[in-house]
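This report looks at how parts of one protein chain are arranged. It begins with a pair of helices and then turns to strands and confidence.

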Amino acid sequence: MSNLESNYCYSFPAVRGQQAGKPFYIATCPLRLIPKIFMYDEEEVPVELRAQRTLNKGRIPEMARYLVESPHDYVFSAITASIGAEIDFIEVDKNSNIGSLKVPMDAQILINDGQHRRAAIEEALKERPELSQDNIAVLFFVDEGLQRSQQMFADLNKYAVRPSPSLGTMYDHRDQASELARYLALNTKPFAGFTEFERSTIAVKSSKLFTLSGIKQANRVLLGKGTKEGFNEDERQIAAKYWEALNIYMPEWIQVQNKQLSAAEFRQEYISAHGIGLQALALVGKSLLTLSESEKQKKLKLIANINWLKSNPAWAHRAMQHGRLSKAMSNIFLTSMQIKREIGLPLSKEDVQKENEYLNA
């Protein structure tokens, strides 16, 4: 009697296929079974004896929250797993690749790709038990030993490329910071028509000035928001009003908008054409937003007199390090301090102390 006949089995609706002369099975599995039947190698096992990376527990809460907060429109990609036991595929019709995959309940099923999805599902089910009726696709392979499982992990991850932060921002309709960045990029100056939506760097010959991810980060700085905080309608209008008002006093921005200066020449010569300039202006804006409307307008007008050329000695050791722009947070802060001085904004003792520490580091 075979192992399958003498033991209880899981039965999955499945489609059989073939890769590299080996069978595989695409099945659907209820989420409630995922934590019970899928295993991943324990962290204590040495890397040479594992077929997976160690579980990064810091990723789990965010992934679980995604499931909990989006129960009606979440998307989880398939889990890939290896079955270390005898299996059976029962065809619906003779010579058909559609049928039922039978797997012994005591079989060892190791995840090759998707261990964090598995852990997130387990956590989400504790808070939303109704998710247990949902299904996830599972790609099953027959286990051929540790070496093959390790190779599968390497192959599955070899060509995986995360989307750029700008493209992720463009397509993320749940994140309010992304929503605000898209709104500004499409509807307000200086961003409309000059935003790079796909890449997080701008090509030398591009006609764009700002990246969508850069706008998103600048809004967080402007409004003093952390990465997990959202934006309400009032804050959206505050951000739009600030960038529109600032645009009036940025002569090089206007020259590019009026096609009097090419974007490529602008980026080559001016710090205000780069992310560091935008982030520094956001920090300045955060201080400006605390002033009365009349005082804010007076300070904004003075921004028009700033020399944004990279060759301006005022930017040395601030925006510029060894003749090159620096995107470090310390350089963004130092650049914002110089802007504040030039427009007469008061500087706190803490900021001056922080500035001295950065300059003397």
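In this predicted model, one side of a helix contact is formed by Ser330, Phe333, Leu334, Met337, Lys340 and Arg341 of H14, which meet Asp351, Val352, Lys354, Glu355, Tyr358 and Leu359 of H15. By type, the residues of this contact between H14 and H15 comprise six nonpolar, one polar and five charged.

Helix H14 covers residues 329-342 and helix H15 covers residues 349-359; the two pack with their axes 10 Å apart, at an angle of about 125°.

| Strand pair | Sense | Bridges |
|---|---|---|
| E1 (residues 9-19) and E5 (residues 98-104) | antiparallel | seven |
| E4 (residues 88-91) and E5 | antiparallel | four |

Within these pairings, Phe12 stands opposite Leu101 of E5, while Glu91 has Gly99 in E5 as its bridge partner. E4 and E5 form a hairpin with six residues between the strands, and Asn95 in this hairpin has a positive phi near 60°.

As for confidence, the chain has a mean pLDDT of 87, and 90% of its residues reach 70 or more. Residues 44-49 have a pLDDT below 50, and in the model this stretch has six contacts beyond near neighbours in sequence.

Key. Residues numbered from 1 in each chain as written. Predicted model: local features only at pLDDT ≥ 70, side-chain atom pairs only at ≥ 80, totals over all residues. Heavy atoms only, no water. Pairing = 2+ DSSP bridges. pLDDT = per-residue confidence, 0-100. Contact = heavy atoms within 4.5 Å. Axes fitted to C-alpha atoms, helices over the stretch in contact; angles between N-to-C directions. Nonpolar A, V, L, I, M, F, W, Y, C, P; charged D, E, K, R; others polar.
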